[in-house]
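Okay, thanks for coming, everyone.

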Amino acid sequence: MDPVAGTAEHRGPLEVRARAPGKIILAGEHAVVHGSAAVAAAIDLYTNSSLLLRPTGPGEGGGAGSGAVELDLRDSGLTFSWPCSRLRGALGEEISANPGAPAPCSPDQLAAIARLLQDQEIPEAKIWLSAGLSAFLFLYASILGCRPGKAVVSSDLPMGAGLGSSAAFCVSMSGALLTAAGAVSVGARRGAEGWEVLEKGALELVNQWAFQGEKIIHGKPSGIDNSVSTFGKMIKFKKGELTNLESWNPVKMLITDTRVGRNTKALVAGVSERASRHPDAMASVFHAVNSISEELSSIVELAAEDEIAITSKEDKLAELMEMNQGLLQCMGVSHSSIETVLRTTLKYSLVSKLTGAGGGGCVLTLIPTCILFYISPGCIFSFMVLYKINTIQLMCDFC
């Protein structure tokens, strides 16, 4: 399909699909919010967003659902719908479509969106979806206005587990919306599995919008999750500055899902509150985390050409991860389930640390290249091995 079919003046149906990867943080979570460096990598687990725009103009309202904005969350089995007239009435004066100029959601806009959510029957057990729905409505209205359409979202990523599910949602949705609005176009280069790859300038716009969505969901995010989900591969992130890292040797990680849910916004706020109570002590903690992230990023880029060099490199990475975990405990974001994983992997002389916000979620374990070990069949944890740690990028596809 011709990319210009996604312009705002287009009157026929248009479908756009986009996907964005999740992430792991090797070092620096939480401290990155306070100015420290962090190291993160994209993983080959994706969130997929598709967007079908309905015809506009004289025929609008002529078909089922054509006068509404719909969101189908396949993994939750829930569908939400807002009549365009209702959106215009609630948001008309608060939000106007301006896809080329990312702007934060104001308190008045957030209040208007909250009123729109009151019309929806969100199950009590899934009330946490409200933040994601708010981000969706803000991104949709800010980029496309109140034009009728249907978005469908599915994901490989467990929600609330520290693998960047909310960022992947915001990035893939922003990519689909901006492409449909004609604000970005796919390049001539095709990536993995035939997906079209967005150019750097387009990715930067996607990233800026995704960050606005992340702020609605998490309050005060650092921006690292949406950045690594947008640009992929392995990065060092500090004060909004992104540096691509080249890993010359594979970094093998085992990820364990504790299956303990947590609230990222509350955990981030908790670290900030602790920093306000103990400013000098926490400043030292953040400084130490920054040193770990800087050293880890340098080690990752070292080329190890023989078994001895590889083992030495991995030993240093393990020590840095272990130190980082100790500092995360100082921040108050560990959890009994995380500590259980740490003790379990330590029995096999493996080093682990939490990844993401902590308080449950997922735990990373460094797997040395030269190792032979056995995991008991009775182990209560579920393990997922992650591949292609530094080969991921945002991709969009026209149908």
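**Leucine 91 and its surroundings**

So, let me start with leucine 91: leaving out residues up to four places away in sequence, Leu91 touches Ala112, Ile113, Leu116 and Ala141. Keep in mind that this is a predicted model.

Okay, on to H3 and its partners. Take H2 to begin with, residues 107-117: H2 and H3 pack at an angle of about 115°, and their axes are 10 Å apart. H2 passes H3 in a right-handed crossing. On the H2 side you've got Gln109, Ile113, Leu116 and Leu117, and they meet Ser130, Leu133, Ser134, Leu137 and Phe138 of H3. By class that's six nonpolar, three polar and no charged residues.

Now the other partner. H3, residues 129-144, packs with H5, residues 200-218, at an angle of about 145°, with the axes 8 Å apart. That crossing is right-handed too. From H3, the contact includes Ala131, Gly132, Phe138 and Ile143, and from H5 we have Trp209, Gln212, Gly213, Ile216 and Ile217. The count for this contact is eight nonpolar, five polar and no charged residues.

Next up is H8, which runs over residues 279-300. Its 22 residues reach 31 Å from first C-alpha to last, close to the 32 Å expected at 1.5 Å a residue. Which residues are buried in H8? Among them are Met282, Phe286, Asn290, Leu296 and Val300. The buried residues of H8 pack against strands E1, E2, E8 and E9, and also against helices H7 and H9.

Last stop, isoleucine 224. You'll find Ile224 in helix H6, residues 224-231. Is Ile224 buried or exposed? Buried, because its relative accessibility is 3%, and the cut-off for buried is under 20%. Setting aside neighbours within four places in sequence, Ile224 is in contact with Ile25, Val32, Ala38, Ala40, Ile235 and Phe237. And glutamate 241, 17 residues away from Ile224 in sequence, is 9.5 Å away in space, C-alpha to C-alpha.

That's my tour, so over to you for questions.

Key. Residues are numbered from 1 along each chain as its sequence is written. This is a predicted model: local features need pLDDT of at least 70, side-chain atom pairs count only at pLDDT 80 or more; totals for chains, interfaces and linings use all residues. Side-chain values use heavy atoms; hydrogens and water are left out. Axes are lines fitted to C-alpha atoms, for helices over the stretch in contact, and angles run from 0 to 180 degrees between N-to-C directions. Helices (H or I, at least four residues) and strands (E, at least two) are DSSP runs, numbered from the N terminus. A crossing is left-handed if the near helix is turned anticlockwise from the far one by less than a right angle, and right-handed if clockwise. Contact means heavy atoms within 4.5 Å. Ala, Val, Leu, Ile, Met, Phe, Trp, Tyr, Cys and Pro count as nonpolar, Asp, Glu, Lys and Arg as charged, and the others, Gly among them, as polar. The expected span of a helix is 1.5 Å times one less than its number of residues. Buried means under 20% relative accessible area, exposed over 50%, partly exposed in between (1.4 Å probe, protein chains only).
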